[in-house]
Amino acid sequence: MKERSDNDNTVRVFKNMQWEGKMVNYSDSILIEKNQLTKLHRDFEKFQSLFTHFPDIMYSLNLSGFITDVNEYGKKYFLTEHISNIINQHYTAFIITSEQDRVSKSFRLTIEGHVTQLQTTFVNRSGEQFEVELINIPFFIEDEVKGIYSLVRDLSKEHGTVLALRESEGKYRLIAEHTSELITLVNVERDVVTYASPSHRTILGHFPSYYTGSSIQKDVHPEDQRAAHLLYNRTDNSYPAVVEYRRKHANCTWITLEDRAKLIPYGINGERMIVVVSRDITEKKHAEKELQQTIKQLKDLKYALDESALVSVTDMEGIITSVNEKFCEITGYEKNDLIGEDHIILNSGYHPPSFFDEMWSVIRSGSVWKGEINNFTKQGDTFWVDTTVVPFLDDKGVPYQYVYIRNDITDRKRAEELLRTSDKLSVIGELAAGVAHEIRNPLTSLKGFTQILKSRHTCDSDQEFIKIMLAELDRINMIVNEFMVLARPQAVNFEQTNIHYLITNVLTLIETQAILNNVQIYTRVIDNLPEISCSENQIKQVLINVIKNAIEAMPEGGEVVLSVYIRHGELMIEIRDNGSGIPEHELAHLGEPFYTTKEKGNGLGLMICRRIVQNHKGEFLIDSREEEGTVVTIRLPIE
């Protein structure tokens with residue numbers, strides 16, 4: 001019984017072991033199927049992701065050629081938002097008619113299990129055509145073709161890019177072959193010219209083949225070799241770069257070039273390449289040199305003009321826009337005082353308005369005007385300028401500004417005035433000499449006979465008449481002597497003279513006339529005046545003449561102030577009255593022969609006074625203002 005029981009247990013254990021073995025095998029089988037399923041799911045997801053995100057058109061076909069699925073990119077190209085508009089469409093519906101046979105042949109080969117590839121033309125739903133690359137791939141299930149995947153890549157953009165590239169290449173080649181500038185392609189690593197444009201023949205005289213394969217520095221001027229070397233062998237790659245250098249022409253002359261070099265980012269076999277564009281600037285350099293010479297000449301001319309002339313520029317209305325230093329120096333004005341003003345600021349009143357009207361009429365017509373103008377400085381002094389006014393004209397011939405070039409001719413005008421005065425004095429002198437000669441002979445006789453009569457007649461009444469006759473004869477003789485002063489230089493005896501004494505004698509002689517004309521004479525004479533060397537009688541004559549003129553200028557009475565002082569080593573005698581003054585247009589003519597402002601004057605008094613002072617190496621000056629009076633200043637050297 002026990003043995004049977006043991007057998008039963010053994011059988012039971014064996015059966016349990018069989019059951020457990022079966023269970024293990026079953027679990028392993030389930031685990032394997034699950035892993036395969038997971039792998040299949042992952043593979044499906046990968047495929048689905050590839051199908052969805054493929055960047056070109058991708059669709060699947062059944063064996064009959066009908067579309068079973070299409071990706072998002074395909075829907076975009078087929079111009080539809082719903083896949084239902086494409087599913088069950090035959091693939092030939094999207095291929096142009098002329099290409100359908102060729103594509104169908106490729107489709108049949110794919111069904112046979114071959115991968116096919118070709119280029120064809122697709123058409124979308126709107127009829128728009130585009131070039132594509134079509135790849136048909138069969139997919140197998142259990143070694144049997146069950147369908148086709150078609151990959152479609154749009155070639156339109158690539159073709160457009162190729163066409164644009166070809167067009168660009170053609171344009172650049174056209175430019176390179178017809179440009180007037182030199183274009184050179186250089187291998188920097190080997191210092192070799194790999195391309196030279198046809199313009200080398202035009203500019204340098206050699207065919208491009210002369211330069212191809214040689215150094216870029218071929219025929220460069222020895223003095224410019226270093227500059228060219230630095231341009232083509234820059235270690236810092238700081239391009240573009242520019243340099244100027246000379247290069248020899250085929251005719252052995254030197255051409256100046258301006259090179260612009262630019263590094264090509266991607267050379268051949270990693271070697272650096274640069275493209276060099278060279279421009280012929282020989283004429284430009286010559287023009288620059290000539291321009292520099294012209295500018296220098298203009299600067300030199302301007303310097304010479306500024307040093308010698310008064311230059312000012314005005315706009316078309318005559319408003320001053322520019323003046324030079326000489327202008328300011330002569331006129332006494334600062335530049336700020338003159339800019340924006342009219343030249344009328346210098347007007348002395350010497351010329352009538354018609355004088356300037358005529359000037360403006362000439363220059364506004366575009367012509368140059370020349371003339372002599374009398375002007376006033378800022379201090380009120382008169383000066384003369386020889387003036388040339390040059391109008392600058394615009395393209396239409398209309399003046400837009402005027403340049404005034406003035407030369408100071410004050411000294412020349414004074415010399416001319418002196419010359420004219422001398423000529424007049426010469427004529428007067430000749431006349432005076434003749435008159436004096438003719439008068440002195442009968443005058444001597446008259447005076448002799450009158451003295452005889454004086455000795456013979458003792459009657460008091462007769463003696464009175466004879467005395468008057470002798471006085472008048474002496475007066476005539478004095479006038480004749482004055483004529484002789486004009487006739488020729490007199491031998492004058494200069495002697496040391498006490499000025500205080502001389503002034504006292506003059507005032508004594510003139511006092512009676514001053515009282516009769518209700519004129520008060522005041523003196524302002526400094527003490528300790530030095531003696532001067534002069535002709536006492538002639539200086540007395542000058543002072544008496546000037547003081548008499550002052551008294552006669554005040555018929556209603558007035559004051560005369562006689563001042564004597566020392567300034568800058570000269571004796572200054574100043575006679576000032578408060579009479580009616582002398583008009584400005586008459587003042588310039590005072591001292592001319594026979595010119596007088598008096599009704600009974602002969603125009604010789606001031607002229608004789610001026611001549612006497614000049615013979616004493618002095619100066620005779622007159623300054624007068626209407627309704628203010630006149631000041632006569634006599635300057636005499638002390639030594």
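What is the volume of the largest cavity? In this predicted model, residues are numbered from 1 along each chain as its sequence is written, and side-chain values use heavy atoms, with hydrogens and water left out. Local features are reported at a pLDDT of at least 70 and side-chain atom pairs at pLDDT 80 or more, whereas totals for chains, interfaces and linings use all residues.

The largest cavity has a volume of about 40 Å³, and a search of the whole structure finds 1 cavity of 30 Å³ or more. A cavity is here a set of points, on a 1 Å grid over the protein atoms alone, where a 1.4 Å probe fits but cannot get out, and its lining residues have an atom within 4 Å of a point; grid points are joined across faces, edges and corners, and the volume is the space filled by probe spheres set on the points. The lining of the largest cavity is made up of Tyr59, Leu61, Tyr91, Ile95, Val103, Phe107, Leu134, Asn136 and Ser150. At least two of the lining residues come from each of strand 1 (57–61), helix 3 (100–111) and strand 4 (129–140), where helices (H or I, at least four residues) and strands (E, at least two) are DSSP runs numbered from the N terminus. In the loop between strand 4 and strand 5 (145–154) lies Glu142, which has a positive phi of about 55 degrees although it is not a glycine. Glu142 counts as exposed, at 76% relative accessibility; the term exposed stands for over 50% relative accessible area, buried for under 20%, and partly exposed for values in between (1.4 Å probe, protein chains only).

Strand 6 (residues 182–187) pairs with strand 7 in the antiparallel sense over 4 bridges, and Leu185 has Tyr195 in strand 7 as its bridge partner.

Strand 8 and strand 9 pair in the antiparallel sense over 8 bridges, and the partner of Arg247 in strand 9 is Ile255. Their hairpin has 5 residues between the strands, and in it Cys252 takes a positive phi near 75 degrees. Strand 9 is in turn joined to strand 10 by 8 bridges, the two running antiparallel, and Asp259 stands opposite Ser278 in strand 10.

A second open sheet of 5 strands has the order 17-19-20-22-21, with mixed pairing. Its edge strands, strand 17 (519–525) and strand 21 (619–625), each pair on one side only, and neighbouring strands are turned by 15 degrees against each other on average, direction ignored. Strand 17 and strand 19 pair in the parallel sense over 7 bridges, with Val560 in strand 19 as the bridge partner of Ile521. Helix 13 packs on the sheet, touching strand 17, strand 19 and strand 20, and its direction makes about 170 degrees with that of strand 17. Helix 16 lies across strand 21 and strand 22, at about 140 degrees to strand 21, and its buried residues include Leu606, Met607, Ile608, Cys609, Ile612 and Val613. In the loop between helix 16 and strand 21 lies Lys617, whose phi is positive, near 60 degrees; Lys617 is exposed, with a relative accessible area of 70%.

The largest nonpolar core has 35 residues, of which Leu543, Leu571, Ile573, Ile575, Phe620 and Ile634 touch the most other members; such a core is a set of buried Ala, Val, Leu, Ile, Met, Phe, Trp, Tyr and Cys residues joined through side-chain atoms within 4.5 Å. Among the elements that each supply at least two residues of this core are helix 13 (499–516), helix 14 (536–552), strand 19 (558–567), strand 20 (570–577), helix 16 (605–615) and strand 22 (629–637). Apart from it lies another core, of 21 residues, among them Ala196, Leu231, Ile255 and Ile274.

Technical notes
Two strands pair if DSSP finds at least two bridges between them. Axes are lines fitted to C-alpha atoms, for helices over the stretch in contact, and angles run from 0 to 180 degrees between N-to-C directions. Contact means heavy atoms within 4.5 Å. On a 1 Å grid over the protein atoms alone, a cavity is a set of points where a 1.4 Å probe fits but cannot get out, and a pocket is an open set with protein on both sides within 12 Å along at least five of seven lines; lining residues have an atom within 4 Å of a point.
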